[in-house]
Amino acid sequence: MKTRIGKIAHIPRHLREQLNIRLLTDSRGPELMKWLNALPEVQSMLASFFNASPVNRQNLTEWRHGGYEEWVRHQERELRIQRIAEEGAGLCHNILCQGIS
């Protein structure tokens with residue numbers, strides 16, 4: 001996984017998670033930038049690291065093609081792991097049940 005250094009990468013994890021979910025549900029760029037730039041935590045981070053320069057369209061585009069795509073792949077892996085675990089538990093249960101009868 002690549003270490004990200006952009007504005008959105010500096011946003012607290014729980015807010016990046018919310019942003020990614022909003023991206024997943026097809027929220028539009030202008031509304032996302034307005035939402036992000038209005039958050040006190042984001043404003044504080046921007047002031048500390050980026051001279052108070054707001055999140056802009058380019059930042060959001062770069063995030064969509066980087067951090068967001070990584071997040072989507074991670075979510076897909078988590079779902080596959082969960083399905084495998086559930087299927088494995090079902091197989092184990094079936095084997096145990098067959099062994100008892």
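Which pattern does the protein chain follow when read along the sequence? I read it as α-α-α-α-α-α, and my count of the secondary structure comes to six helices and zero strands. For these I took DSSP runs, H or I of at least four residues for helices and E of at least two for strands, numbered from the N terminus.

Before going further I noted that this is a predicted model, in which local features need pLDDT of at least 70 and side-chain atom pairs count only at pLDDT 80 or more, while totals for chains, interfaces and linings use all residues. Residues are numbered from 1 along each chain as its sequence is written, and side-chain values use heavy atoms, with hydrogens and water left out.

**Entry on the whole chain.** I looked up burial and found that buried residues make up 28% of the 101 residues in the protein chain. Here buried means under 20% relative accessible area, exposed means over 50%, and partly exposed lies in between, with a 1.4 Å probe and protein chains only. I then turned to contacts (heavy atoms within 4.5 Å). Among those between residues at least 6 apart in sequence, 68% join residues at least 24 apart.

**Entry on the core.** I searched for nonpolar cores, each a set of buried Ala, Val, Leu, Ile, Met, Phe, Trp, Tyr and Cys residues joined through side-chain atoms within 4.5 Å. The largest has 19 residues, of which I8, I11, L19, L36, V42, V55 and W63 touch the most other members. Helices α1, α2, α3, α4, α5 (57-64) and α6 (67-100) each supply at least two residues of this core, and α3 gives the most, with four residues. I followed V42 in particular, and it touches I11, L15, L36 and V55 once residues up to four places away in sequence are not counted.

**Entry on helix α2.** This helix covers residues 13-24, twelve in number, and reaches 16 Å from its first C-alpha to its last, close to the 16 Å expected at 1.5 Å a residue; the expected span is 1.5 Å times one less than the number of residues. I listed L15, R16, L19, N20 and L23 as buried in α2. Seen down the axis of α2, these buried residues fall within an arc of 140°, so they line one face of the helix; the arc is that of the directions from the helix axis to the C-beta atoms. I21 also lies in α2, but at 41% relative accessibility it counts as partly exposed. I noted that I21 and W71 are 50 residues apart in sequence and 9.7 Å apart in space, C-alpha to C-alpha.

D26 lies in the loop between α2 and α3, and its phi is near 70°, a positive value in a residue other than glycine. I kept in mind that most residues other than glycine have a negative phi. Leaving aside neighbours within four places in sequence, S27 is in contact with R22, L32 and R64.

**Entry on helix α4.** Which residues of α4 (residues 40-49) are buried? I found V42, M45 and L46, and they cover an arc of only 100° around the axis, which puts them on the same side of α4. These buried residues pack against α1 (7-10), α2 and α3 (29-38), while the face turned away from the buried side carries the exposed residues P40 and S48. In the loop between α4 and α5 I came to A52, which has a positive phi of about 65° although it is not a glycine.

**Entry on the rings.** How many aromatic pairs does a search of the whole structure find? I found one, taking rings of Phe, Tyr and Trp (its six-membered ring) as paired if their centres lie within 6.5 Å, with planes under 30 degrees apart counted as stacked, over 60 as edge-to-face and the rest as tilted. Y68 and W71 form this stacked pair, 6.0 Å centre to centre with 25° between the planes, and both residues are buried. Being three residues apart in helix α6, they are separated by about one helical turn.
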